Amino acid sequence: MRVLAHFVPGAKVLDFVAPEADWLDIRWCAGDDDSAFYRELPDAEVIWHVLRPLSGADLRSAPKLRLVHKLGAGVNTIDVQAATELGIAVANMPGANAPSVAEGAVLLMLAALRRLPVLDRLTRQGRGWPSDPALGETVRDIGGCTVGLVGYGNIARHVGQIVTAMGATVLHTSTRDDGLPGWRALPDLLAASDIVSLHLPLTDSTHHLLGRDQLAAMKPGAVLVNTSRGEIVDEAALVEALRTGRLAAAGLDVFGVEPVRPDNPLLSLDNAVLTPHVSWYTADTMRRYLIEAVANCRRLRDGQRLAHVVNQPTGY
């Protein structure tokens, strides 16, 4: 079975997958290597997909393709409708990256609350001591905060467990009241939370879910963390809220346009802590991804029902 893996993992991950998948013909292709991608695409039966957009035109150029397996949960970068029409299954891996993304979200919370990037820079410049007298007035502990989780899937629940252990009060929301303790409607959650952390897929209904009005409804001096998808937040409105001090800080792993453009105004803000969509990217997550990816290829080979298929492909 020919697999086009549109990423190149580290050597240790390759060492792990080799004995598990010696029956697969895996063609590793860097995410930004379009020439290799289009050279391998016509013979691919399976694509292991990470972040590069996969268009309907791409899928139509792969006549042997039977499965697109997203290494992660969000399938917004895949033309699922075209795949369905072409009889191609699209599967994802809900929960596989949850521990890593949850830790990444808490890392961004801590870095934003404790002004880590600014303090690191000042220390390297020899200006970190004596410390800013205002530091003790603005820096906070997670344990003294109310953390609002927008969305309450696998990742959010992991975050909730971590910050609860640190002493935080946790609120959460979703599309409906699920009866669990701490549920709030979105406006109430925004008004009550010192830290708001986003854990939603990007859909028509979540695009710019946090716009100017919602950001203005957050507590003065609150922190926004986003490890889900950049377009859930109105980036221009967020920049304004950070510049004016309406929000104390933001921790962002995702952006409206990725890779983030060098002229993005977020890059110039001291109160924005930024990482390049890597909160999921650990050796542990890669191993979990590849275990599931190989298992689904085995199911495909053996004519078994695939796990976590998100569409109903024609004739499948």
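1. The model is a predicted one, in which local features need pLDDT of at least 70 and side-chain atom pairs count only at pLDDT 80 or more, while totals for chains, interfaces and linings use all residues. Residues are numbered from 1 along each chain as its sequence is written, and side-chain values use heavy atoms, with hydrogens and water left out.

2. The domain assignment gives domain 1 as 2-92 + 282-302 and domain 2 as 97-274, such bounds coming from an automatic or database domain assignment. The C-alpha centres of domain 1 and domain 2 lie 31 Å apart, and the contact (heavy atoms within 4.5 Å) takes 8 residues from domain 1 and 5 residues from domain 2.

3. Between them, domain 1 and domain 2 bury about 540 Å², with 40% of this on carbon and sulfur atoms; buried area here is the accessible area (1.4 Å probe) that two parts lose on being put together, summed over both. Across this interface the rule finds 0 salt bridges, a salt bridge being a side-chain nitrogen of Lys or Arg within 4 Å of a carboxyl oxygen of Asp or Glu. Helix α12 (residues 283-302) supplies 3 residues, the largest share of the side of domain 1 that touches domain 2. Helices are DSSP runs of H or I with at least four residues, strands are runs of E with at least two, and both are numbered from the N terminus.

4. N97 is placed in the loop between β5 (89-91) and α5 (98-113). Apart from neighbours within four places in sequence, N97 is in contact with G72, I155, W280, T285 and Y289.

5. Some backbone values deserve a check, given that most residues other than glycine have a negative phi, and most peptide bonds are trans. E258 and P259 are joined by a cis peptide bond with omega of about -5 degrees, and P259 has its place in the loop between β10 (247-252) and β11 (272-274).

6. R115, although not a glycine, has a positive phi of about 55 degrees; R115 lies in the loop between α5 and α6 (116-124) and is partly exposed at 27% relative accessibility. H308, also a residue other than glycine, has a positive phi near 60 degrees; H308 is found in the segment after α12 and is partly exposed, with a relative accessible area of 39%.

How values were computed: Buried < 20%, exposed > 50% of the residue type's maximum accessible area, 1.4 Å probe, protein only.
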